[in-house]
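Trainee: I have the sequence and the structure open. Can we go through the strands, the rings and the buried residues?

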Amino acid sequence: MAGRLLLTFNAGSSTVKIGIFRLEGAKPRRIGKAVVDFSDRPPMLHLKEGPTQFELPLKGAPGHDLSGLIEEIFRELGAHFDLATMVAAGHRIVHGGDLFAGPVELTPETIEQVNSLTRLAPLHQPQALRLIRAVKHLYPALIQTGSFDTTFHSTQDDLVRRYAIPRTWHERGIKRYGFHGLSYQYVTRALATKAPNIAKGKVIIAHLGSGASLCAIDGGQSRDTSMGFSTLEGIPMATRPGALDPGVLLHFLGTLGKSIKELEDMLYHHCGLLGVSGVSGDTRELLQDNGQHARQAIELFTLRIAGEIGRMAMTLGGINGLVFTAGVGENQPKIRRLVADRLAWLGARTDDQANEQNAFKISAPESRFAIYVMPTDEEQMIAEEALSVLYNEEDVPDAEPQGDSHGE
């Protein structure tokens with residue numbers, strides 16, 4: 001299998017990240033990556049191969065059927081990589097519900113099960129399914145696999161996963177599932193390599209990107225998370241509100257007469273940092289904006305993050321480490337400092353110089369718990385899970401010991 005390729009697809013609501021991996025023993029090694037932004041007109045393929053980067057406009061238009069667009073993307077990728085050696089395509093699927101306990105081969109039966117969960121993730125699930133079907137159309141014999149964001153959280157206690165609603169609804173699947181599991185899985189494993197003593201203890205990971213959540217981990221296992229039934233819950237995000245009083249939703253639907261579609265559009269696309277600031281959902285832009293509303297958006301964001309960390313420290317019964325990851329968590333020193341400042345009561349102290357440099361460890365010596373910055377790599381996890389589906393462990397040749405990989 002050495003030298004064969006494996007592709008991964010990480011679908012968002014309006015973008016898809018594509019990882020290109022070469023199989024080397026038991027370890028897929030990334031050799032390229034691409035991002036397609038469907039919101040661009042025309043859609044653009046951003047491709048990175050080693051140190052070289054390309055931007056290629058695409059003629060196709062995104063729609064319900066992505067076959068034409070995916071065919072065009074594969075044609076462009078084929079100019080740089082030998083896709084004839086491709087052995088599998090792995091997909092990130094946001095919602096696995098209680099149906100999936102790990103990665104699976106995407107057969108007609110499992111695809112139908114994934115489709116049955118669309119009602120639980122109406123923003124993300126359809127996009128993943130469109131990609132799966134488009135790849136299937138182009139490569140009917142290619143093995144495709146699914147990796148689920150929810151399975152990492154299956155170790156949580158039933159009490160943590162419950163809402164205070166009638167038991168019959170809980171039994172019908174209205175419960176807390178949690179998301180960003182592939183990211184948490186990667187960071188947990190990477191932390192075990194770089195700070196093993198901390199990783200064995202009580203760790204809170206803050207995955208802060210346009211979508212954002214936190215996870216409480218004890219001994220490498222998920223114990224609590226801020227997102228629940230949907231990707232709307234928890235802390236404010238770029239355009240999503242986070243925790244919201246259900247009475248607000250009743251007010252919109254009843255008193256204000258809004259439709260379900262209008263409410264869904266508002267909750268997913270017009271709330272969060274964008275809603276509070278009225279300017280942008282991007283923390284980089286908000287931090288450069290001296291306006292009062294932009295400042296308030298940042299203050300609310302960091303207030304809620306710190307509040308969730310406090311709540312999760314309660315779930316864990318303490319805290320040994322805090323890890324910031326994803327785009328905002330990895331690259332925004334001021335956000336990290338503002339969060340840590342609000343956690344001073346818990347003993348958090350940052351080293352200003354280390355924090356500004358986005359160093360691995362940014363906690364000051366006097367901090368009561370360690371604070372880290374770690375890149376995440378969901379595509380690496382998808383690739384490794386795809387490989388695990390392809391082969392039983394005993395069939396995979398031993399890999400050479402490797403240092404921690406943070407992706408590109």
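Mentor: Start with a rule: two strands pair if DSSP finds at least two bridges between them. Strands are DSSP runs of E, at least two residues, numbered from the N terminus. Keep in mind that this is a predicted model.

Trainee: Which residue takes a positive phi in the hairpin of strand 2 and strand 3?

Mentor: Strand 2 spans residues 15–24 and strand 3 spans residues 27–37. They run antiparallel, joined by ten bridges. Gly19 has Lys33 of strand 3 as its bridge partner. This hairpin has two residues between the strands, and the one with a positive phi near 65° is Gly25.

Trainee: Now strand 1. Is Leu5 buried or exposed?

Mentor: Leu5 sits in strand 1, residues 5–11. Beyond its neighbours within four places in sequence, Leu5 has contacts including Ile20, Ile31, Phe81, Leu83 and Val87. The cut-off for buried is under 20% relative accessible area. Leu5 has 3% relative accessibility, so the label is buried.

Trainee: What separates the C-alpha atoms of Leu5 and Arg22?

Mentor: Arg22 is also among the contacts of Leu5. Along the chain, Leu5 and Arg22 are 17 residues apart. Their C-alpha atoms are separated by 4.6 Å.

Trainee: On to the rings. What kind of pair do Phe100 and Phe148 make?

Mentor: A search of the whole structure finds five aromatic pairs. In this one, the ring centres are 4.3 Å apart and the planes are at 10°. Planes under 30 degrees apart count as stacked. Therefore the pair of Phe100 and Phe148 is stacked.

Trainee: How many residues apart are Phe100 and Phe148?

Mentor: Phe100 is in the loop between strand 6 and strand 7, while Phe148 is in strand 8. Phe100 counts as buried at 7% relative accessibility, and Phe148 counts as buried at 1%. The pair links distant parts of the chain, and the separation in residues is 48.

Trainee: What is the angle between the planes of Tyr177 and Phe229?

Mentor: Their centres are 6.4 Å apart, and the pair is tilted, with an angle between the planes of 45°. Tyr177 lies in the loop between helix 5 and helix 6, and Phe229 in the loop between strand 11 and helix 8, so the pair ties together parts 52 residues apart in sequence. Tyr177 is buried at 3%, whereas Phe229 is partly exposed at 23%.

Trainee: Which residue lies over the face of Phe360?

Mentor: A charge sits over a ring if NZ of Lys or CZ of Arg is within 6 Å of the ring centre and within 35 degrees of the ring normal. Arg172 lies over the face of Trp169, at 4.6 Å from the ring centre. Over the face of Phe360, at 4.2 Å from the ring centre, lies Lys194.

Trainee: Last one. How many disulfides does the structure hold?

Mentor: Cys215 is buried, with a relative accessible area of 0%. Cys271 is buried too, at 14%. A disulfide needs a pair of cysteine sulfur atoms within 2.5 Å. The number of disulfides in the structure is zero.

Conventions. Residues are numbered from 1 along each chain as its sequence is written. This is a predicted model: local features need pLDDT of at least 70, side-chain atom pairs count only at pLDDT 80 or more; totals for chains, interfaces and linings use all residues. Side-chain values use heavy atoms; hydrogens and water are left out. Helices (H or I, at least four residues) and strands (E, at least two) are DSSP runs, numbered from the N terminus. Rings of Phe, Tyr and Trp (its six-membered ring) pair if their centres lie within 6.5 Å; planes under 30 degrees apart count as stacked, over 60 as edge-to-face and the rest as tilted. Buried means under 20% relative accessible area, exposed over 50%, partly exposed in between (1.4 Å probe, protein chains only). Contact means heavy atoms within 4.5 Å.
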